[in-house]
Amino acid sequence: MYSEREKVFCVERMWAEGLRPATASRAWGSPARSTLRGWELLALAGELPAVAPRARGACEHARHARYPAATVAEALRLDALGKRPSEVARVLGLSSGAVVGAGRRQARAGKLLPDGTRPPGARRERGSAVGEGELEALRARVRELELENAVLWEVARDPKAGDPARLPGRRKAELGERLRRERGWSLSEVLGALRISKSTYEYNRARLGRARGAGPDAAVAEAFAASGGAYGYRRLAAATGLPQREVRASMRRQGLVARASRGRRRRWSSYAGEPSPAPPNLLLGPRGRHDFSAPAPNLRWVTDITEMRAGRDRLYLSVVVDLFDGRVVSWGASASPGAELADSTLRAALATLRGGRAPLIHSDRGAHYRWPGWVALCEAAGLTRSMSRKGRSPDNAACEAFFGRMKVEMYHGRDWSAAGAAGLKEARGRHSHGAKKRPL
């Protein structure tokens with residue numbers, strides 16, 4: 001059993017050091033935490049009269065009045081010892097730990113002495129003159145509150161906006177320009193009060209002159225007409241002040257196309273439409289792999305056209321290759337890759353057929369394999385047409401491989417500038433007749 005003197009000693013020491021019961025129990029070893037807490041409750045209830053009133057935390061002061069100087073001095077002492085503000089407030093009977101923090105800041109600023117009193121002249125008497133620095137601070141605060149008040153009035157007009165941050169960008173720009181014009185607010189003040197970035201503000205401010213909901217079509221059409229149809233979307237965007245994406249969308253809606261430097265359009269382009277329906281790729285297997293093989297001659301052919309240069313001359317070579325053994329069934333050469341080159345090569349290949357054979361012929365999607373002349377030749381001979389997919393050159397890899405090997409053997413690594421297209425054609429003929437059969 002502990003005596004009353006021991007209880008009073010432990011409680012006063014615990015409060016003097018700013019310790020909680022658990023912390024004191026761990027530091028001293030005894031008594032237990034629950035025992036110390038029970039003694040502390042007895043002291044706070046006044047059942048341990050020997051405990052000093054100051055330690056008991058009885059801090060008598062009127063509501064909204066200042067704490068006694070002794071209490072403030074003791075709070076500063078305990079705070080300097082590293083005690084937590086909440087512990088100091090509990091020990092001294094303060095309203096909260098915020099009082100301790102405020103006293104600490106005032107002591108650092110020189111507004112409180114170590115004994116808890118204020119230095120002479122620390123508090124300005126009522127009616128005395130206000131310093132210039134304090135006056136400027138008050139003016140800035142008034143200006144800030146007026147700006148916040150104007151923003152809140154604008155928010156009150158919009159029931160959908162719960163706070164200034166939820167106002168649309170256009171509304172923020174309108175309000176900001178009105179405040180800058182009527183009250184002289186600076187741009188930085190407006191941006192801070194409206195919580196909007198400068199880039200977003202300037203974007204919406206540049207569009208305040210346009211009617212709400214009005215599209216850019218009229219402005220784009222006017223600028224396009226003024227340029228005589230020569231401006232593209234970039235020049236029109238610079239002329240109208242609109243974003244490039246809006247100008248492009250407006251030109252697409254109105255069908256506005258800038259004049260091109262080319263005098264006339266090409267005769268055909270895959271982007272301008274297809275000259276005829278393309279047959280499927282019959283060499284493509286179900287797993288996405290091609291079968292470039294044939295069990296017998298004249299069952300599967302591949303064809304293509306390649307370009308070779310000899311100085312300033314160009315020679316276009318067209319071949320038909322048998323997938324059975326890689327034999328060149330027929331070939332032709334011309335200075336232009338026209339339909340006649342492809343048709344003449346196919347006629348020469350058809351002339352080699354015997355016994356009513358009608359092989360499958362595979363090509364890429366070139367225009368010369370889709371003109372009516374080529375299609376008519378295939379239909380008259382009963383050939384089955386097959387075409388590569390669009391933009392897939394590997395779909396005709398067998399013929400591309402033939403061209404690659406041929407150019408390695410007789411074209412690459414040699415100077416054909418003196419021979420010209422005629423010499424290149426003659427060399428190709430010799431290479432074709434002297435070539436051995438080899439599978440692809």
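**From the whole chain to its details**

Tutor: Of the contacts in the chain with a separation of 6 or more, 59% are between residues 24 or more positions apart, a contact being heavy atoms within 4.5 Å. This is a predicted model, in which local features need pLDDT of at least 70 and side-chain atom pairs count only at pLDDT 80 or more, while totals for chains, interfaces and linings use all residues. Residues are numbered from 1 along each chain as its sequence is written, and side-chain values use heavy atoms, with hydrogens and water left out.

Student: How many helices and strands does the chain have?

Tutor: Both are DSSP runs numbered from the N terminus: helices are H or I with at least four residues, and strands are E with at least two. By this count the chain has 17 helices and five strands.

Student: Which residues of helix α2 are buried?

Tutor: Buried means under 20% relative accessible area, exposed over 50%, and partly exposed in between, with a 1.4 Å probe and protein chains only. Helix α2 covers residues 21-28, and its buried residues are Pro 21, Ala 22, Ala 24 and Ser 25. These residues lie on the same side of α2 because they cover an arc of only 165° around the axis, taken from the directions from the helix axis to the C-beta atoms.

Student: Where is Pro 31 found?

Tutor: After α2 comes Gly 29, with a positive phi near 95°. The peptide bond from Ser 30 to Pro 31 is cis, its omega being near -5°. Pro 31 itself is found in the loop between α2 and α3.

Student: Is Asn 298 buried or exposed?

Tutor: Asn 298 is in the loop between α13 (244-254) and β1 (300-310). Although Asn 298 is not a glycine, its phi is positive, about 60°. Because its relative accessibility is 13%, Asn 298 counts as buried.

Student: What share of the residues of the chain count as buried?

Tutor: The chain has 440 residues. The share of them that count as buried is 36%.
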